[in-house]
Amino acid sequence: MDNLINDIDIISEEEKTESCETVKVSVNTNTGKSRKLYIESYGCQMNFSDSEIVSSIMAENGFDTTSNFAEADVVFLNTCSIREKAETTVRRRLAQFNTIKKKKPEMLIGVLGCMAERLKAKLLDEEKIVDLVAGPDAYRDLPGLVSQVDEGQKAVNTFLSREETYADISPVRLNSNGVTAFISIMRGCDNMCSFCVVPFTRGRERSRDPYSIVKEAQDLFDKGYKEVTLLGQNVDSYKWSPEANNKVKLEKSEVSEIINFANLIEMVAQVDPKLRVRFSTSHPKDITDEVLYTMKKYDNICKYIHLPVQSGNSRILEMMNRTYDREWYINRVDAIRSILGDECGISSDMITGFCSETEEEHQDTLTLMDYVQYDFSYMFYYSERPGTLAEKKYEDDIPLDIKKRRLAEIITKQHETSFSRNRLDLGKTHEVLIEGTSKRSDEQLQGRNSANKVIIFDGEGHKKGDYVHVLVNDCNHATLFGKIVNTESK
Ligand code: SAH
Ligand code: SF4
Ligand code: F3S
């Protein structure tokens with residue numbers, strides 16, 4: 001059973017687009033700079049997006065990025081703290097770098113991101129090979145911190161800001177397919193879900209100037225990108241007004257009134273009808289009908305919502321401090337179905353074995369899954385995190401084998417549901433944005449439809465960045481397969 005879970009975990013890790021413990025490595029940017037930076041990123045899309053900001057800041061200060069750590073002068077691990085496993089992975093990786101550093105003592109090792117923020121200077125004591133620790137709001141200080149290490153000191157900055165959004169920094173696109181890109185629209189989180197470490201590692205919620213977001217989307221489109229994903233821990237609470245955000249000194253903003261998330265996606269959708277707009281993550285307590293109607297109004301706003309439920313039981317949701325109950329969640333799903341129809345993709349995050357969860361309460365998660373018919377879910381068993389409300393208030397009393405058994409049950413349910421949702425697409429034609437060749441064969445291309453489903457098909461002379469129409473004729477639980485039927489699209 002353990003192996004089963006691990007295997008499934010790994011499969012879903014690969015499929016995941018967020019909140020995972022997958023790793024991304026920096027690419028080569030050979031522009032002749034004097035020193036080389038290697039970055040490995042763990043965790044969610046926000047972290048991957050932050051690594052692009054870090055690369056940009058370091059590039060301004062004489063660093064090219066490299067995909068080969070052997071030639072690096074500076075190694076950064078941009079880390080995640082969301083579950084214990086995420087931190088264990090990073091510690092294991094640091095142990096591997098220890099061996100390399102013995103041969104190359106001048107190589108600077110820095111820990112960035114959420115684990116840096118959570119452990120602060122303690123990390124220097126715990127992991128002797130670490131020279132530098134920088135939290136998510138301290139990246140502008142990285143060149144200064146590197147100089148401090150060059151001068152022979154250890155360097156730490158874990159100051160959390162109420163204003164920093166890196167709005168003026170143009171990210172260096174790492175691991176880019178040249179078609180899809182992330183744009184951070186806000187930072188931090190004010191929600192205090194009792195299980196979650198993010199409010200402590202990322203600080204207070206703040207929204208980025210919408211003008212700088214639209215400009216970034218326009219720049220990407222001008223460079224040939226065809227899809228942007230707007231990122232935030234709770235995008236529906238995006239809110240920007242010149243007065244509230246006047247501490248962010250940017251070039252003069254064109255925006256004068258209050259901008260909410262519905263307004264923002266409309267502004268980005270208007271960049272060009274050929275630019276797809278996605279976003280993540282939506283919070284069930286904040287997603288409004290106004291957002292859903294705006295999605296409906298624009299063809300290029302993708303019909304896909306990641307709406308994490310965490311649990312299907314109202315008592316557990318209350319203990320999790322999610323501030324909605326099962327009925328509220330169902331009401332939001334009903335609103336999505338009635339405004340956007342059955343074809344809108346819905347995905348979720350779920351946690352099994354939260355403190356005191358009974359078998360009946362676990363069953364409520366399974367019945368909610370039946371009701372919603374999620375296309376996809378990221379599923380985890382509860383991992384107690386130091387300093388969180390749940391750690392302080394509740395006992396982590398569900399034995400690991402029960403947590404894992406419940407996880408296996410929801411994974412099995414999700415695979416069945418994904419398969420049956422995919423079968424509904426058989427015989428239908430979808431508009432697909434081609435993102436590259438399929439992992440299995442260079443002859444085949446792959447892309448996603450509006451609902452975020454991966455579709456694989458014979459290339460027939462098309463290339464990444466093209467929009468094509470694909471008739472779906474086969475599927476499994478994870479992927480649709482089809483054939484191009486008509487190429488005049490967008
Ligand atoms: N802001 C997003 C989630 C960010 S964290 C939201 O509110 O939905 C991504 C996911 O990791 C969470 O949705 C949750 O399912 C999971 N997660 C967070 N803390 C966890 C913990 N302590 N144990 C297990 N899973 C956790
Ligand atoms: Fe964590 Fe909750 Fe904030 Fe998501 S909304 S980042 S789960 S505190
Ligand atoms: Fe993301 Fe992990 Fe931090 S999920 S916000 S990198 S704790």
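**Exercise 1. Determine which residues I213 touches, leaving out those up to four places away in sequence, and state whether I213 is buried or exposed.**

Step 1. With contact taken as heavy atoms within 4.5 Å, I213 touches I183, I185, R208, L230, Y238, L264 and V268, where residues up to four places away in sequence are not counted.

Step 2. I213 belongs to helix α8, which covers residues 210–222; helices (H or I, at least four residues) and strands (E, at least two) are DSSP runs numbered from the N terminus.

Step 3. One of the contacts, I185, is 28 residues from I213 along the chain, and the C-alpha atoms of the two are separated by 6.7 Å.

Step 4. I213 counts as buried because its relative accessibility is 0%, given that buried means under 20% relative accessible area, exposed over 50% and partly exposed in between, computed with a 1.4 Å probe on protein chains only.

The model is predicted, so local features need pLDDT of at least 70 and side-chain atom pairs count only at pLDDT 80 or more, while totals for chains, interfaces and linings use all residues. Residues are numbered from 1 along each chain as its sequence is written, ligands are numbered from 1 in the order in which they are written, and side-chain values use heavy atoms, with hydrogens and water left out.

**Exercise 2. Find how many residues surround ligand 1, and which of its atoms lies 2.7 Å from a polar backbone atom of S383.**

Step 1. Ligand 1 is surrounded by 16 residues, the closest being F195, Q233, Q310, D349 and S383, where a residue is near a molecule if one of its heavy atoms lies within 4 Å of it.

Step 2. For polar contacts (a pair of N or O atoms within 3.5 Å), a nitrogen atom of ligand 1 is 2.7 Å from a polar backbone atom of S383.

Step 3. On the side-chain side, an oxygen atom of ligand 1 is 3.1 Å from an N or O atom of R83, and an oxygen atom of ligand 1 is 3.2 Å from an N or O atom of R322.

Definitions and conventions. Polar contact = N/O pair within 3.5 Å; in protein donor to acceptor, adjacent residues only side chain to side chain.
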